[in-house]
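This briefing is for a reader who is new to the structure. It starts with one hairpin and its surroundings, then turns to a sheet and to one residue in that sheet.

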Amino acid sequence: MTEQNNNQLAFFNGKYMPITEVAISPFDRGFLFGDSLYEVIPVYNGKMLGGDLHLQRLLNGLTAIGIISPYTLSDWRAISRTVLTTREAAQMLYIQVTRGVEASRKHRFPVVSEPTVLIFATPFTPTVTMEYQGCAATLQPDKRWQNCHIKATSLLANVLAYQQLYCNDLAENEALFVRDGVVVEAASSNLFMVKDNLIYTPPVDNILPGITRHIILQIAEKLNYQVYELAPSPAMLKNADEVWVSNSIEELKPVISIDGQIIGSGVPGKVWQELFQHYQHKKG
């Protein structure tokens, strides 16, 4: 265990403590069943980007799966700020809430338990810059559970999508999920494409309503881009001028080929460059 981890502060079930002192019960339903939700919030120079949007999404998810939040939005905000340090330029704030600990392992309700809450922050270095040359992507069938708007920790299908890339010597690629004949999102990101200077992104009717996606759409509106919520077919996506994926840590990442077919000119496009620059300004 590194010295940094030894000094890392965590919030666990109502108490602040070194993260090395956090102990998860083997009977915690998050551990046994993946019966839990999570949030990842990017933090730049001590400021949470889209913090309240992330926290409200957490509250919405808890309501959706029937876990009563032990804290209000303002409580979550205050706890998160206490966990954060300002020594790092970029941090990832991680929040996980499980349905809690029961005396025995059982699937059935009712569940008599208090939610387990864990919050901690770790430093990270943004990997996408203006000099980033883009990544390749492959299409895969969407095998996830069909409540993708709920940010559950049950991410096995997402993990296996990345494992498939790794096993085919494509570890740096993105996996793009195809459902009912259209491309809905990436394994850990939302999807965008540009065609004839118009921006398209799948609607959030059954995908994760990404906070980074939300911020990008605000920027696009401010810059007077027309945006259409449409899930493209694989052929439409491969014929795009630009393709990007977005998430809180990688921010806005350009995709320059899909299944070996070059997208646009094969380099990050001008629309991406403009939106990416404006996104950087949001970080303060």
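The model is predicted. In it, Val-178 stands opposite Val-183, a residue of S9. The strands involved here, S8 and S9 (residues 182-186), pair in the antiparallel sense over four bridges.

**The hairpin of S8 and S9**

- Two residues lie between the strands of this hairpin.
- Asp-180 in the hairpin takes a positive phi near 55°.

**Strand S8 and its other partner**

- Strand S8 covers residues 174-179, and five of its six residues are buried, so the strand is largely enclosed by the rest of the structure.
- S8 also pairs with strand S7 (residues 135-141), in the parallel sense and over five bridges.
- Ala-137 has Glu-174 of S8 as its bridge partner.
- Together with helix H5 (residues 156-167), S7 and S8 make a β-α-β unit, and this unit is right-handed.

**The six-stranded sheet**

- An open sheet is built from six strands in the order S2-S1-S6-S5-S3-S4, and the pairing is antiparallel.
- The edges are taken by strand S2 (15-18) and strand S4 (47-48); each has a single partner strand, so one side of each is left without a neighbour in the sheet.
- Inside this order, S3 and strand S5 (residues 90-98) pair in the antiparallel sense over nine bridges.
- Tyr-44 stands opposite Ala-90, which belongs to S5.
- Helix H3 (residues 51-65) packs on the sheet and touches S3, S4 and S5.
- The direction of H3 makes about 180° with that of S3.

**Ser-36 in strand S3**

- Ser-36 is found in strand S3, which covers residues 36-44.
- Is Ser-36 buried or exposed? Its relative accessibility is 2%, and buried means under 20%, so Ser-36 counts as buried.
- The side chain of Ser-36 makes a polar contact of 2.5 Å with the side chain of Thr-153.
- A polar contact of 3.4 Å joins the side chain of Ser-36 to that of Gln-96.
- Leaving out residues up to four places away in sequence, Ser-36 touches Gly-30, Gln-96, Val-97, Thr-98, Ala-152 and Thr-153.

Technical notes: Residues are numbered from 1 along each chain as its sequence is written. This is a predicted model: local features need pLDDT of at least 70, side-chain atom pairs count only at pLDDT 80 or more; totals for chains, interfaces and linings use all residues. Side-chain values use heavy atoms; hydrogens and water are left out. Buried means under 20% relative accessible area, exposed over 50%, partly exposed in between (1.4 Å probe, protein chains only). Two strands pair if DSSP finds at least two bridges between them. A crossover is right-handed if, with the strands pointing away from the viewer, the path from the first strand over the helix to the second runs clockwise. A polar contact is a pair of N or O atoms within 3.5 Å; within protein, one must be able to donate a hydrogen and the other to accept it, and residues adjacent in sequence count only if both atoms are side-chain atoms. Contact means heavy atoms within 4.5 Å. Axes are lines fitted to C-alpha atoms, for helices over the stretch in contact, and angles run from 0 to 180 degrees between N-to-C directions.
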